[in-house]
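Colleague: Hi, I'm new to this one. Could you walk me through it?

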Amino acid sequence: MSKRKRPTPVPPEPLPELADAHTHLASCGATTPAQVTEVMDRAAAVGVHRICTVGDDLAESVEALAAAHADDRVYAACAVHPTRASDLFTDGVQDRLRELVADPRCVAVGETGLDTYWITHEPETTAPLDVQEAALRWHMALAAEVGKPLMIHNREADADLLRILDDAPEDLPVMLHCFSSPLAVAREAVDRGYWLSFCGNVTFRRNEELREAARLCPADRILVETDAPFMTPEPFRGARNEPAFVGYTARCVAEVRGVTPEALGAQVAGNARRLYGWV
Ligand SMILES: [Zn+2]
Ligand SMILES: [Zn+2]
């Protein structure tokens with residue numbers, strides 16, 4: 001039986017400006033300063049001059065911050081992921097996370113949120129929903145306290161998420177990473193002034209509704225991201241992702257919005273700078 005060979009992924013054509021609003025450098029295998037620089041050199045070569053790398057637990061948050069200190073093109077987001085939310089209520093974790101979030105290279109509190117997918121499919125590998133809610137509320141309060149945006153992970157939990165976020169302080173910037181919800185949720189999120197970050201799945205053929213969400217998102221609230229190493233955009237779906245590939249997603253979003261890739265790139269780079277306070 002012959003297996004169809006996947007083409008080796010290559011970065012898209014360069015754009016003058018771009019930003020990857022949410023990625024995971026450590027999960028891409030970039031943990032040393034030299035490895036971070038390599039990934040960022042490949043990204044910068046196609047216009048991705050700034051990225052936000054995310055830590056999903058205490059150890060990864062430390063790594064994300066280390067990367068942000070090692071390379072000035074990298075900024076970090078720190079939190080405990082909803083699937084690991086139980087960790088937040090173990091000894092010393094909250095105090096340590098508070099310290100990490102106070103670091104000037106940490107530009108967002110996240111990813112936090114709700115994930116019912118794993119509760120349905122492999123409940124023993126994740127945290128129960130009430131613990132996820134408690135963790136989300138804790139991160140929300142922390143973000144408000146330190147004045148940094150809240151970065152949200154949402155997998156199959158739209159109604160509960162919107163209910164909880166309704167309790168967030170009015171002026172707290174909320175960013176929905178890897179936006180993958182139905183159009184009604186996109187409209188509600190836009191009405192509330194949230195930032196929508198589109199990921200590689202916006203390029204997948206069947207995801208017409210996501211492209212519609214990308215079309216209706218106000219220009220000053222739209223972002224693109226890789227969420228690498230997963231969710232690689234077309235034409236390299238299934239391959240290993242990295243920040244250099246965010247341009248494929250940007251080009252798809254530009255097309256549905258009827259703007260040039262250059263204009264979209266400048267828009268998302270400017271938005272990320274504003275949301276995260278990048279200098
Ligand atoms: Zn996520
Ligand atoms: Zn992520």
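Modeller: Happy to! A word on terms to begin with: Ala, Val, Leu, Ile, Met, Phe, Trp, Tyr, Cys and Pro count as nonpolar, Asp, Glu, Lys and Arg as charged, and the others, Gly among them, as polar. This is a predicted model, where local features need pLDDT of at least 70, side-chain atom pairs count only at pLDDT 80 or more, and totals for chains, interfaces and linings use all residues. Residues are numbered from 1 along each chain as its sequence is written, and side-chain values use heavy atoms, with hydrogens and water left out.

Colleague: Which two ions does glutamate 111 bridge?

Modeller: Glutamate 111 bridges the zinc ion (ligand 1) and the zinc ion (ligand 2), 3.5 Å apart.

Colleague: Is glutamate 111 buried or exposed?

Modeller: Glutamate 111 is buried, at 2% relative accessibility. Buried means under 20% relative accessible area, exposed over 50%, partly exposed in between (1.4 Å probe, protein chains only). Histidine 177 is buried too, with 4%.

Colleague: New topic: what residues divide up the lining of the largest cavity?

Modeller: Four are nonpolar, four polar and none charged. Among the lining residues are Asn154, Leu161, His177 and Phe179. A cavity is a set of points on a 1 Å grid over the protein atoms alone where a 1.4 Å probe fits but cannot get out, and lining residues have an atom within 4 Å of a point.

Key
Chains are lettered from A and ligands numbered from 1 in the order in which they are written. On a 1 Å grid over the protein atoms alone, a cavity is a set of points where a 1.4 Å probe fits but cannot get out, and a pocket is an open set with protein on both sides within 12 Å along at least five of seven lines; lining residues have an atom within 4 Å of a point. Donors are N, O and S atoms within 2.8 Å of the metal (3.2 Å for Na, K and Ca); water is not among the atoms, so sites may look incomplete.
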